[in-house]
Amino acid sequence: MSQPSASTPSTTTSSAGRSPRSDRGKPRVSLAIATAFGLGYLPKAPGTWGSLGGIVLAMIPYWLLSLAAPPGTEIVSYSLLSGPEVQPLILFQMILTVIVALIGVWSAHRAAMYWSARDPQKVVIDEVSGQHLALLLGGFWPWHAVPATSPWTNFYTDHPVLWANHPLGGSSPLVSPNWKYLLLGFILFRVFDIWKPFPARQAESLPGGLGIMADDWIAGIYAALGLWIARAVGL
């Protein structure tokens, strides 16, 4: 039996299953963000998991306020504007929306380059961003803590749907962050994300990470309109 020459490289199982690309130049931070810190690796419908991540993102300001509220306070909702100033937590939501959108474009582009795919299924930061946008534009605004002795407390807590002055005139319903509202926003966004009505499907042709993210933003806008229509008809 002939023996292999000394110049012939031996191939082991471990080295055969490992590509140089996976060992060197792996954009770990970009992949972590693009997959929503692992949600994109979950089996079966990673986009659904990404949408659930968007709901969590929308709830973060409320959770932070609940943790920071001193004892003896009630959490009640308020209008988009309080006088001429935007409420601080709503401003936080808006800034969060912009940050997630920008970092999503960057990370999605790098992930697509790394996996050599136009829109990798593992990339779900677009669903996170789109779902968050749907809830924000759909009227899911942070809540406000008031003393339990406030004369407004009973009114707010006894009326889960409040009517307050709209910035553009007239009146607009404000909805508490209940599970029905979140579920409806989730369903609407998933429907429009899969359906991709105009111009969502056309937006997929945009270059790089922008094309990955833009169609979900459009789906989020459609879902937000659906939420406003649902409240307008009393659902």
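Colleague: Which term applies to the crossing of α6 and α8, left-handed or right-handed?

Modeller: The crossing of α6 and α8 is right-handed. The term applies if the near helix is turned clockwise from the far one by less than a right angle, and left-handed applies if anticlockwise. This is a predicted model, in which local features need pLDDT of at least 70 and side-chain atom pairs count only at pLDDT 80 or more, whereas totals for chains, interfaces and linings use all residues. Residues are numbered from 1 along each chain as its sequence is written, and side-chain values use heavy atoms, with hydrogens and water left out.

Colleague: Why are α6 and α8 called oblique to each other?

Modeller: Their packing angle is about 130°, with the axes 10 Å apart. Axes are lines fitted to C-alpha atoms, for helices over the stretch in contact, and angles run from 0 to 180 degrees between N-to-C directions. Angles under 35 degrees count as roughly parallel, over 145 as roughly antiparallel, 65 to 115 as roughly perpendicular and the rest as oblique. The angle of α6 and α8 belongs to the rest, and the pair is therefore oblique.

Colleague: Which residues make the contact of α6 with α8?

Modeller: Glu127, Gly130, Gln131 and Leu135 of α6 meet Tyr181, Leu182, Gly185, Phe186, Phe189, Arg190 and Asp193 of α8, where contact means heavy atoms within 4.5 Å. By class, five are nonpolar, three polar and three charged. Ala, Val, Leu, Ile, Met, Phe, Trp, Tyr, Cys and Pro count as nonpolar, Asp, Glu, Lys and Arg as charged, and the others, Gly among them, as polar.

Colleague: What makes α6 roughly parallel to α10?

Modeller: Helix α6 (residues 125-137) packs against helix α10 (residues 208-232) at an angle of about 25°, with axes 7 Å apart. That angle makes α6 roughly parallel to α10. The crossing of α6 and α10 is right-handed. By class, their contact has 13 nonpolar, three polar and three charged residues.

Colleague: Why are α8 and α10 called oblique?

Modeller: The axes of helix α8 (residues 179-195) and α10 come within 8 Å and cross at roughly 135°. That value too is left to the remaining class, and α8 and α10 are therefore oblique. Their crossing is right-handed. The contact includes Leu188 and Phe192 of α8, and Ala219 and Tyr222 of α10. Its classes come to 10 nonpolar, three polar and four charged residues.

Colleague: Why is the span of α6 said to agree with expectation?

Modeller: The expected span of a helix is 1.5 Å times one less than its number of residues. For the 13 residues of α6 this gives 18 Å, and the end C-alpha atoms are 18 Å apart, so the two agree. Helix α10, with 25 residues, reaches 38 Å from its first C-alpha to its last, close to the expected 36 Å. Helices (H or I, at least four residues) and strands (E, at least two) are DSSP runs, numbered from the N terminus. The protein chain has 10 helices and six strands.

Colleague: What makes α6 mostly covered?

Modeller: Of its 13 residues, 12 are buried, including Val128, His132 and Leu136. Buried means under 20% relative accessible area, exposed over 50%, and partly exposed in between (1.4 Å probe, protein chains only). In the protein chain, buried residues make up 42% of the 235 residues.

Colleague: Why does Leu52 count as partly exposed?

Modeller: Leu52 lies in helix α4, and its relative accessibility of 35% falls in the partly exposed range. The C-alpha atoms of Leu52 and Val128 are separated by 7.4 Å, although the two are 76 residues apart along the chain.

Colleague: Why is Gly40 called buried?

Modeller: Its relative accessible area is 5%, so Gly40 is buried. Gly40 is placed in the loop between α3 (28-34) and α4 (46-68). Leaving aside neighbours within four places in sequence, Gly40 is in contact with Thr35, Pro46, Lys122 and Val124.

Colleague: Which term applies to Ala36 and which to Ser116, buried or exposed?

Modeller: At 12% relative accessibility Ala36 counts as buried, whereas Ser116, at 58%, is exposed. Ala36 is in the loop between α3 and α4, and Ser116 is in the loop between α5 (88-115) and α6. Phi is positive, near 55°, in Ala36 and also near 55° in Ser116.

Colleague: What kind of peptide bond joins Phe198 and Pro199?

Modeller: The bond is cis, with omega about 0°. Pro199 is found in the loop between α8 and α9 (200-203).
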